[in-house]
Structures are given as C-alpha cells and as structure tokens.
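Please read it with the model open.

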Amino acid sequence: MDYQRVEDGREYVARLEHGEDWRGQIESFAETEGIDAAFFYGLGAVSDATVLFYDQDDKEYYAERFDEPLEVTTALGNISHLGDGRFAHTHATLSRPDGSMVGGHLDSATVFAGEMYVREFGAHLERERDEVTDLDLWNL
Ligand code: ZN
C-alpha cells in the first residue's frame with residue numbers, strides 16, 4: 001500500500017445545475033477553485049446516466065447507459081489531476097421507481113437535482129498509468 005499524509009483543506013457545499021453533467025460540473029468547480037486533491041459525496045436525481053464497468057480480464061471499461069430518471073442514492077468520489085486536467089473519479093448507486101438499483105463508475109449523467117459536499121485536502125494528487133491494472137491510479 002502506498003500512502004501519504006494530507007493536511008486539512010477547504011470545505012464546500014454545492015448545488016449542481018439542472019440539465020448539466022454531474023461529473024463535468026465537479027471538474028469545472030475543481031478547476032475554478034484550484035482544488036488539487038479532494039473527496040466528495042452527494043445525492044440527488046438524474047434524468048439519465050452512463051456508468052462504466054472495468055473488466056479486470058480485458059482491462060477495458062464497458063459502458064451501460066440508462067436513459068431514464070434515476071435517484072442518486074449515493075455519489076462519491078475524489079478529485080485529482082489526470083493529464084492536463086482535473087478528474088472527478090465518481091462512483092454512484094442509482095435507484096429506479098421500484099427501488100431496484102443500478103450503479104458503477106459514473107461516466108456521465110444529466111443532473112435533475114444534486115447536492116454535494118466537497119472536502120479539499122492540502123495535497124497535490126496526480127494519476128498515472130499503472131502497469132498491473134492498466135488504470136490511471138494515484139502516484140503517491
Ligand atoms: Zn471508478
């Protein structure tokens with residue numbers, strides 16, 4: 001296990017914009033605020049969602065699109081640098097009217113309503129390609 005100690009940073013609450021992308025808004029916010037490392041969680045509702053599943057044998061992401069209104073029972077993730085930009089690694093569990101759940105690595109989702117808590121850390125987290133998993137993991 002690789003790790004590093006991080007210091008306290010700023011805290012935010014945010015209301016996501018109706019009709020905009022869930023993850024894209026977090027990344028824009030992080031860019032605007034100059035956030036280099038953070039964790040976040042939130043909840044709300046979306047009108048569609050595309051989640052990814054990483055196949056550990058193929059080392060490929062496979063997408064599943066849900067073109068329907070869904071409750072965001074939990075969306076959590078972290079913010080760090082990936083390439084030239086900031087990446088909001090986001091996972092979500094989403095519920096249907098009958099209470100059944102879908103979820104995964106949230107690629108995109110159109111916000112109906114969303115509320116977020118973001119906790120910045122006084123650190124600079126970068127992602128780089130990991131040869132074992134072929135994922136972009138933190139370089140700690
Ligand atoms: Zn993921």
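1. In which helix does Glu-27 lie? Glu-27 lies in helix H1, where helices (H or I, at least four residues) and strands (E, at least two) are DSSP runs numbered from the N terminus. This is a predicted model, in which local features need pLDDT of at least 70 and side-chain atom pairs count only at pLDDT 80 or more, while totals for chains, interfaces and linings use all residues. Residues are numbered from 1 along each chain as its sequence is written, and side-chain values use heavy atoms, with hydrogens and water left out.

2. Helix H1 covers residues 22-33, and its twelve residues reach 17 Å from first C-alpha to last, close to the 16 Å expected at 1.5 Å a residue (the expected span being 1.5 Å times one less than the number of residues). At its start, a side-chain oxygen of Asp-21 comes to within 3.5 Å of the backbone nitrogen of Arg-23, and the helix is followed by Gly-34, whose phi is positive, near 70°.

3. Glu-27 counts as buried because its relative accessibility is 17% (buried means under 20% relative accessible area, exposed over 50%, partly exposed in between, with a 1.4 Å probe and protein chains only). The side chain of Glu-27 reaches the backbone nitrogen of Ala-88 at 2.9 Å. Leaving aside neighbours within four places in sequence, Glu-27 is in contact (heavy atoms within 4.5 Å) with Arg-86, Phe-87 and Ala-88.

4. The buried residues of H1 also include Trp-22 and Ile-26, and what covers the buried residues of this helix includes strand E1 (7-16) and strand E5 (85-95).

Note on methods: Polar contact = N/O pair within 3.5 Å; in protein donor to acceptor, adjacent residues only side chain to side chain.
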